[in-house]
Amino acid sequence: MFGQQLISGLATGSLYALTAVAVVVVFRNTRTINLAQGDFSMIGAFIAVVLIKDLGANYYLALAGAVVGCIGLGILAERLVMRQIADSDWLTLFTATLGIYYILHGVAGYFWGRDTKAFPISFDPTPIEIVGGIISQGHVINMAWAAAIGLVLYVFFKYTKQGIAMRAVTDDPETAELMGIPVRFIVLLTWGMAGFLAAFAGVLIAPIIYVAPEMMDEVLIKGYVAAVFGGLYSIPGAILGALMIGVCENLAGGYLGSHYKTATAFTMIVLLLALRPQGLFGIQKRREV
Amino acid sequence: MKNAMMDKSTEFSSTALRTARKLRSARRIQAGRLKWAGMAGLFASAVVFPLAPGVEGWMASEATLIIMYIMAAQGVSILTGYTGLVTVGHGGFLAVGAYASALMTMHLGTDLLTGIIVGGFVAAVIGCALGLVFLRLSGAFMAIGTLGFAFFIGTVVNNVPIFEGREGISLPGNHVLGYEIGDIGFFYVSLATLAITTLFIYCLVRSAVGRAFMALRDSEKAAEASGVNRVFYRTLAFSMSAAVTGIAGVLFAHYVNYVSSEVFADIWYSVDFLVATVVGGSAVLLGPFVGGLFVAFLPTLIEFFVDQPGDLAFIIKGGALIFVLIMAPAGVVEGTVRFFRWITRIRKETAHG
């Protein structure tokens, strides 16, 4: 029982991690608390549904389509909205992403309806046995995807020119600009990356939950809680936080009852913020946010 | 205020300087009077509004709803605008006020005025506690922490038996000092409460307490170094802010005569109040009025023009929000003032050739 809860908790947590990492990346490069992150995912899931249902694409093609669509969405959001007000204080930026949230919610509802739908492809329900616990194949596949994306991100940030430039912008945008780094392009890249991660988060979680305009709302909030574990700054911290939330809420759901699931995440965050305001893995860096 | 005369005055003799100063202070007094006249006009037109011909009962109800949004946004503006602590959790205080008054009315049979006082007080106490818990938070962390508070209240309301969860508590008709009041009467009670909270904020901002809040907002370190007690004033700001929003919650509960977790566990109230504060201008007296109108009246307005509400209304709402933020990042009130100053300057420049 316990081992099983643990593994499926890790599987859910790895999906939260995708959102949490996107949240951290956008926040540390642009000071933006991005409320539209979940809706990027939601649109991605809808794109995948349309590709599979109406155009007969397979799962991987649908995933690719969602990735392209979401990256476009992220870039569009930066270009049309966020860049216009980039110099404002973070509260204005935050409210503007709420505007994007409303628009994407409305667009999804307008074109695809508000009722919840099942994702057209479901995983093979026969469970697999790993180290004494039983786990569904869908969870295994999702964890594999999440791990692969984590690896890609690691390589990107560690070895590629753009990734290093992105870290430089995180550390100090002004110095980075003086050193010849195209900060505007990097910011655009940041939003593109948010879209990339959003596509995976949406398409991978859709078979587990459902597809609807509000499908990602709760996931987004948990992603934020996880991001705070990393002090809204550290990517490994956010991933670890997401896994912890996944496990804790699954245990709480198993032992206390399912309506304590969301409450668990927030009990954790309130405790954490009260005791360690910089986040569990946050760096003691004074940032005027 | 920066007119051509002021800019050149340094080169002139001290008499010119004195004249310019006099002119400026006269203008400032005039601007102050204008503000008072505007406020008084606003409230006077609100007073006669239900009596005007062609106004039906539902319009007064709609106006009451707007008043509640304005009041809730005022609560947020004390904390977010004047003290600089962004809150996404004031829906929680709305619920605290609503349930405090609802339980009082149900179990003790108190009237609306007692409900307002007790609801505000209970919200202030909880706000004080929250302020102490989140003493070390700021910026985005505070926003996420207060969001957690709103969820916490939602969970409590959903699961603790005394609050009746989704079943909800139905309230009897509203009484004030023994008299039963209808929709119009309720509108006047709300309006009077709004007048009091507005006056309260006006005085607060001009008092030493308000100055301490703003000093903390502008720089915590500098404020502390100048002898502002950070712990005390932060907690005080939390309490006052919670009380004002809590009172809005009391009115909300008695407005619909029903409280349930379906309504008060909803996280969107918290977000709406913050949006109202940001849109109007967070540290301006008139800001919550504009913002409350934006948040509460825009959906009604959209529904009036668009056949298919819901989705299309969502898109328009989002577009309007982004448009306002791009045009006036510091809020509509500030944006309007700047716009008129710009017009005046252009006109002056063309007049001078």
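This is a predicted model: local features need pLDDT of at least 70, side-chain atom pairs count only at pLDDT 80 or more; totals for chains, interfaces and linings use all residues.

User: What percentage of the contacts in chain A between residues at least 6 apart join residues at least 24 apart?
Analyst: As background on chain A, 51% of its 289 residues count as buried. For the contacts between residues at least 6 apart in sequence, the share joining residues at least 24 apart is 74%.

User: How many helices and strands are there in chain B, and what does the globule rule give for its radius of gyration?
Analyst: Chain B has 15 helices and four strands. Its radius of gyration is 22 Å, close to the rule's value for 353 residues, so chain B is as compact as a globular protein of that length. Its C-alpha trace spans about 75 × 55 × 45 Å along the principal axes. The value from the globule rule is 20 Å.

User: What percentage of the residues in chain B are buried?
Analyst: A residue is buried if 20 or more other C-beta atoms lie within 10 Å of its own. Applied to the 353 residues of chain B, this gives a buried share of 44%.

User: Which element gives the largest share of the side of chain A that touches chain B?
Analyst: In the interface, 34 residues of chain A are in contact with 32 residues of chain B. The elements of chain A that give two or more residues to this side are α4 (90–112), α9 (217–229) and α11 (261–275). The residues on this side divide into 24 nonpolar, ten polar and no charged. The largest share, 15 residues, comes from α4(A).

User: Is α4(A) largely enclosed or open, and which residue follows it?
Analyst: α4(A) has 23 residues and reaches 33 Å from its first C-alpha to its last, close to the 33 Å expected. Of these residues, 19 are buried, so α4(A) is largely enclosed by the rest of the structure. The residue after α4(A) has a positive phi, near 85°, and is Gly113(A).

User: At which residue does α3(B) bend?
Analyst: α3(B) covers residues 57–82, and its end C-alpha atoms are 36 Å apart, which agrees with the 38 Å that its 26 residues should span. It is mostly covered, with 20 of its 26 residues buried. The bend in α3(B) is about 35°, at Val76(B).

User: Is Leu232(A) buried or exposed?
Analyst: Leu232(A) sits in the loop between α9 and α10 (235–255) of chain A. Its phi is positive, near 55°, in a residue other than glycine. Most residues other than glycine have a negative phi. Leu232(A) has 25 C-beta neighbours inside 10 Å, so it counts as buried.

User: How does Asn257(B) count by its C-beta neighbours?
Analyst: Asn257(B) lies in the loop between α10 (230–256) and β4 (258–259) of chain B. Its phi is also positive, near 55°. Asn257(B) has 14 C-beta neighbours inside 10 Å, so it counts as partly exposed.

User: How far apart in space are Ser41(A) and Leu220(A)?
Analyst: Ser41(A) lies in α2 (residues 37–55) of chain A. It has 32 C-beta neighbours inside 10 Å, so it counts as buried. Its contacts beyond four places in sequence are Ala198(A), Ala201(A), Gly202(A) and Met216(A). Ser41(A) and Leu220(A) are 179 residues apart in sequence, and their C-alpha to C-alpha distance is 9.6 Å.

Key: Residues are numbered from 1 along each chain as its sequence is written. Chains are lettered from A and ligands numbered from 1 in the order in which they are written. A residue is buried if 20 or more other C-beta atoms lie within 10 Å of its own, exposed if 12 or fewer, and partly exposed in between; C-beta atoms are placed from the backbone. Two residues are in contact if their C-beta atoms, placed from the backbone, lie within 7 Å. Ala, Val, Leu, Ile, Met, Phe, Trp, Tyr, Cys and Pro count as nonpolar, Asp, Glu, Lys and Arg as charged, and the others, Gly among them, as polar. The radius of gyration is taken over C-alpha atoms; the globule rule is 2.2 Å times the number of residues to the power 0.38. The expected span of a helix is 1.5 Å times one less than its number of residues. The bend at a residue is the angle between axes fitted to the seven residues ending there and the seven starting there.
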